[in-house]
Amino acid sequence: MAAPARGAQASAAPLLTAHNFRDIPFVAFNRKDDMQTEFVGKAFGLKRVTLNQLFVPSSEGQVRAVLAGWGVSVVPRLLAGGLMEQGLLVDVAPHCTLPIQLYWHCWNLESDVLDALTAALTHAATQSLSWGAERGSAP
């Protein structure tokens, strides 16, 4: 869960809690994006969660919105990790992660090119995504 770091306040950034999440704006992809709600529910053991959400239909755009101070967001570690290392973003819920299954969709065609692309993509995902690296197989 990423939030913007604010200078000297970065090390003392308020953590997301079961008592303050209703007061914080969340940046989501669109109305069908339930990652924010699922994350808060998982983090605090809640069955029903209602959030104040803003919508930015781009993963990179969500990160830029968080950097601009629009709110907090569940974003891919691959996008946020470097910004966290630079001190530009902070993890406001470090005790919780939300694994997301990824799927590769392609036409069901007999194609050497698609087969090679699928194999290359699956191999790269296994090597570079934390799900694959932790479990030893592709998502």
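Predicted model: local features only at pLDDT ≥ 70, side-chain atom pairs only at ≥ 80, totals over all residues.

Let's begin with helix H2, residues 59–67, whose buried residues are Gly61, Gln62, Val63, Ala65 and Val66. Buried means under 20% relative accessible area, exposed means over 50%, and partly exposed lies in between (1.4 Å probe, protein chains only). Helices (H or I, at least four residues) and strands (E, at least two) are DSSP runs, numbered from the N terminus.

Residues are numbered from 1 along each chain as its sequence is written, and side-chain values use heavy atoms, with hydrogens and water left out.

What covers those buried residues of H2? The cover includes strand S1 (2–4), strand S2 (25–28), helix H1 (35–44), helix H3 (77–85) and strand S4 (89–91). Contact here means heavy atoms within 4.5 Å.

Now look at the two ends of H2. At its start, a side-chain oxygen of serine 58 comes within 3.4 Å of the backbone nitrogen of glutamate 60. A polar contact is a pair of N or O atoms within 3.5 Å; within protein, one must be able to donate a hydrogen and the other to accept it, and residues adjacent in sequence count only if both atoms are side-chain atoms. Just after H2, glycine 69 has a positive phi of about 90 degrees.

H3, part of the cover of H2, has Ala80, Gly81 and Leu83 buried. In turn, the cover of the buried residues of H3 includes H2 and S4. Just after H3, glycine 87 takes a positive phi of about 80 degrees.

Next, the nonpolar cores. A nonpolar core is a set of buried Ala, Val, Leu, Ile, Met, Phe, Trp, Tyr and Cys residues joined through side-chain atoms within 4.5 Å. The largest one has 18 residues, and Met1, Leu16, Phe21, Phe26, Phe39, Val40 and Val92 touch the most other members. H1 supplies the largest share of this core, four residues. Apart from it lies another core of ten residues, among them Ala2, Val66, Val75 and Leu83. Val66 is one of the buried residues of H2, and Leu83 is buried in H3.

Phenylalanine 21 counts as buried because its relative accessibility is 1%. The structure holds one aromatic pair. The rings of phenylalanine 21 and phenylalanine 44 have centres 6.3 Å apart and planes at 10 degrees, so they are stacked. Rings of Phe, Tyr and Trp (its six-membered ring) pair if their centres lie within 6.5 Å; planes under 30 degrees apart count as stacked, over 60 as edge-to-face and the rest as tilted. Phenylalanine 21 lies in the loop between S1 and S2 and phenylalanine 44 in H1, so the pair ties together parts 23 residues apart in sequence.

Asparagine 20 also sits in the loop between S1 and S2. Its side chain reaches the backbone nitrogen of threonine 17 at 2.7 Å.

Of its 139 residues, 34% count as buried.
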